[in-house]
Amino acid sequence: KDQLIELIALLEAGIDFAEDDIDVAPAAEILRRIEPVHAAISALISSFAYGKLVHDGFTLAIVGRPNTGKSSLFNRLLQQDRAIVTEIPGTTRDLVSETAAIEGIPVGFVDTAGIRIGQDLVETLGIERSYQAMADADLTVVVLDTSVVQTPEDREIVDRARGQGKFLVAANKCDLPGVDQEKPQGGDNALPVSALTGEGIAELRRAIVQTLAPRGRMEQEGGFITSLRHEQLLKESLEALEQARQAVGLG
């Protein structure tokens, strides 16, 4: 703020004394003073994605085949037992929703029915709702069971998530013997986690925020904007500064 006030005063003085041929400040000095203001405004503009998340929150759908640990991961991220967890495939047959926070950001978590060829009408309807939840979510987390060989259904779910928008792959059950944590199933963006022990959950939480708002932590420390109107005004200010910088440089 102080730098901006000093810059405005310097530019106004240059205008006031222009007819008297008084050089208030050389062009190099004006350019030097413009740079930190330009950088600060640019940083605030880039913080809008993160600020919008803090203000509005987002929805996250957790999907996968039955018994990959979706409900266990859902409960672990919520830090409470909200979804029923059993060893019986297809326990979750409808959407289970809950709201919690990740790094201070409100998140609408949605646990979905396991996606496989439906065994009955109820399960088939649940799977259709799972697909709809993926389409509606801001981010999808595909849960894979890394203790078994990846199936065509796993790949189909990952491909669908990739085609619908932003997604992450949680390579679950990394605590089991023989699971390779260095090369988890699911590709380069797969994160090894254990819904049972909590291993990798902190990293998954960070990845969720970073996927939707890169550089979010840094922006939080330096301040951020949450209003679209403020973003537009800052962009206009940045354009004006750029014009001033070019004018001084040409002068």
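A residue counts as buried under 20% relative accessible area, as exposed over 50%, and as partly exposed in between (1.4 Å probe, protein chains only). With that in hand, here are some notes for your first look.

This is a predicted model, in which local features need pLDDT of at least 70 and side-chain atom pairs count only at pLDDT 80 or more, while totals for chains, interfaces and linings use all residues. Residues are numbered from 1 along each chain as its sequence is written, and side-chain values use heavy atoms, leaving out hydrogens and water.

1. **The sheet.** Start with the 6 strands, which form an open sheet in the order β2-β3-β1-β4-β5-β6, with mixed pairing. Strands here are DSSP runs of E with at least two residues, helices are runs of H or I with at least four, and both are numbered from the N terminus. Two strands pair if DSSP finds at least two bridges between them. At the edges stand β2 (96–102) and β6 (190–192), each with a single partner strand, so one side of each has no neighbour in the sheet. On average, neighbouring strands are turned by 25° against each other, direction ignored.

2. Look at β5 (residues 167–172), which pairs with β6 in the parallel sense over 3 bridges. Here A170 stands opposite L191 of β6.

3. **Helices on the sheet.** Helix α4 (residues 70–78) packs on the sheet and touches β1 (58–64), β2, β3 (105–111), β4 (139–145) and β5; contact means heavy atoms within 4.5 Å. The direction of α4 makes about 160° with that of β3. Helix α6 (residues 152–164) lies across β1, β4 and β5, and runs at about 165° to β4. For these angles, axes are lines fitted to C-alpha atoms (for helices over the stretch in contact), and the values run from 0 to 180 degrees between N-to-C directions.

4. **A buried charge.** Which strand holds D111? D111 lies in β3. D111 is buried yet has no salt bridge, and the nearest side chain of opposite charge, K70, is 5.4 Å away. Lys and Arg count as positive and Asp and Glu as negative, with His and the chain ends not counted. A salt bridge needs a side-chain nitrogen of Lys or Arg within 4 Å of a carboxyl oxygen of Asp or Glu. The side chain of D111 does make a polar contact of 2.6 Å with that of S71. Such a contact is a pair of N or O atoms within 3.5 Å; within protein, one must be able to donate a hydrogen and the other to accept it, and residues adjacent in sequence count only if both atoms are side-chain atoms.

5. In one of them, D145 and K173 bring their closest N and O atoms to 3.0 Å apart. D145 belongs to strand β4 and K173 to the loop between β5 and β6, 28 residues apart. D145 is buried at 8% relative accessible area, whereas K173 is partly exposed at 22%.

6. **Salt bridges within helices.** D159 and R162 meet in a salt bridge of 3.0 Å, N to O. Both lie in helix α6, and because they are 3 residues apart, about one helical turn separates them. D159 is partly exposed at 47%, and R162 is partly exposed at 46%. In helix α7 (residues 201–212), R206 and E203 also lie 3 residues apart, and their salt bridge has its closest N and O atoms 3.6 Å apart.
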